[in-house]
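Me: I would like to see how the labels on this structure follow from their cut-offs. Please show it and go through them.

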Amino acid sequence: MSAISVNGLTKKFNGNVAVKEVNFEVKPGTIFGFLGPNGAGKTTTINILCTLMGADAGSASVNGYDCSKEPDDVRRSIGIVFQDPTLDKDLTAYENLLYHAYLYRVPKPVRRRTVEDAIRFIGLYERKDDLIKTYSGGMKRRLEVARALVHQPKVLFLDEPTLGLDPQSRAGLWTYIRRLPETMDMTIFMTTHYMEEAEVCDDICIIDHGSIIAKGAPSELKSMLGGDVVYLIADDNKKALGMIRDLLDIEAEIKGDEIVFPTKKSDTCIPEIIRTLGDSVRSIRLQRPTLNDVFLKITGREIRSEHADSGDQLRENIRAYRRRSDRQ
Amino acid sequence: MIDSNVIRVIILREVKKFVREKSRLISSIARPVIWLFLVGGGLSRLVPDQGGVSYIQFIYPGIIGMTVLFSSIFSAISIIWDKEFGYMKEILVAPVSRSSIVLGKALSGTIVSMIQVFMILLLSPFLGISLDLFQVAEVLLIAFMLSFCLCNIGILIAVFYDSFESFSVIMNFIVMPMFFLSGAMYPVNKLPAVLSWLARVNPLTYGIDGLKNVIFPLSGGSVSDFPVGTDLVIIVLTSAIFITLSTLLFRTRLK
């Protein structure tokens, strides 16, 4: 049985299609990445899977339970870390997790221990009695992950888990998340628009404008690009290009001041080029494809524009400001 | 269906936060003291006694009602806060029934109000009002029912608003008119006809009137406007109507 199964899922907001006939399956015990730019329909899909929103057409099931017909069964079997923080900042870490344990009916004899174990797991045990408002962004995020684990869900949803975190906190959070499928026997469904973070996934789906445009393991998707890409600069690019084409039978082309060509055998290809072109090679470099390149190849644009990124930052700043002014 | 676990979480959370936040605790006590002694103390020089009750004593039930009103509405509209800062999502994705969330919110607001009412009751000797234990119990019971009713009105309001900017709208257009048209500061039957009718559709009027009836049992109706039975029936009916409405709306608007 699939951990998550989605068929023909469609959702509209005021006539605008947010998600359009989306299909995918998530295998149990895997990390599944749901990738796409901001506004592609990732959060809408998560909200439907988490029973916070109904779909207009199609069906979705989690752990074998139908999201619209058996919402309570779905809710019991999942944990969620939302994109925006949902901790109560006026309570301590321990209280936040303890109340969560009550909500999910963790039995009394193990309640206290489960909560303490979860806080220990993310390395915040010494600060468990501090109010959340004294926590840093990275610590809050980790604590949200810990809270979602208290009731031992079978599927964990992570919506942009590292949004707004500094690189160090991001790396820290990932070390915890990666351990989960094995240590807790859990399936992870995560969304992100940081393509490099999706490399840890077993399978990914790329969504754009509400439709799925690519599916598969990261290595499969990257192999669509025809392997690694070699960038070369010679004394005379035109002459070198001719030699590469004629002598090595490689379809290369000149882009800017570089000769560019894909290759499936990058390890043997470079020595061959240097033997053929000899001293005229000024520089040569090899680039392994990233998931970003996959997105670029399919859609013709970058997944992440600077504009979207600064928008996130702005929104986060406004929230922080309002939080401060509300306190006064 | 009722989930005691979610009711318990909501009550624990609200009461803990109320007790922890010293400024809210202090201001909730300071407001009635200011009204009683500064407004009531000043006006009692101008307003003659009615049936042996001075003006400062007359507004005492009204100030209890005011405290219940502010505290209940404020507790209930913390739902807006929870929506804005995300905690509501944590509750909504949990396997708990929606009606229990509403009931939990209403009960937690009621409990927080009762803590404040209890403290205002400690002021009664300073106003020359002596209450026996039975009267104290009656005051607490009426305050409880009134607060529960007002919490549900507050929840109904909160369901419609998504941001906290609406706070001043709610204060200026709902809470303040409710307070001034409740018979807290002046008897309802002495108001001009239009205002008197508005006061009669205000549930707070009956709560405060009930409190007047039990605090001044000897005044023979010169202080209160309605019989205590009428007051109680109307509060219970309004509570029933508003908890039904708030639960229905909560279910549809916060899925």
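Reply: Some labels follow, each set against its rule. This is a predicted model, in which local features need pLDDT of at least 70, side-chain atom pairs count only at pLDDT 80 or more, and totals for chains, interfaces and linings use all residues. Residues are numbered from 1 along each chain as its sequence is written, chains are lettered from A and ligands numbered from 1 in the order in which they are written, and side-chain values use heavy atoms, with hydrogens and water left out.

Me: Why is A:Glu251 called exposed?

Reply: Exposed means over 50% relative accessible area, buried under 20%, and partly exposed in between (1.4 Å probe, protein chains only). A:Glu251 has 64% relative accessibility, so it counts as exposed.

Me: What makes A:Glu95 and B:Arg20 a salt bridge?

Reply: The rule asks for a side-chain nitrogen of Lys or Arg within 4 Å of a carboxyl oxygen of Asp or Glu. The closest N and O atoms of A:Glu95 and B:Arg20 are 2.7 Å apart, so the pair meets the rule. The pair crosses between chains, from helix H3 of chain A to helix H1 of chain B. A:Glu95 is buried at 8%, whereas B:Arg20, at 31%, is partly exposed.

Me: Why is strand E7 of chain A called largely enclosed?

Reply: Five of its five residues, 155-159, are buried, so the rest of the structure largely encloses the strand.

Me: How do you know that E7(A) pairs with E8(A)?

Reply: Pairing needs at least two bridges found by DSSP. E7(A) and E8(A) have five, in the parallel sense, so they pair. In E8(A), A:Phe189 is the bridge partner of A:Phe157.

Note on methods: Helix = DSSP H or I, 4+ residues; strand = E, 2+ residues; numbered from the N terminus.
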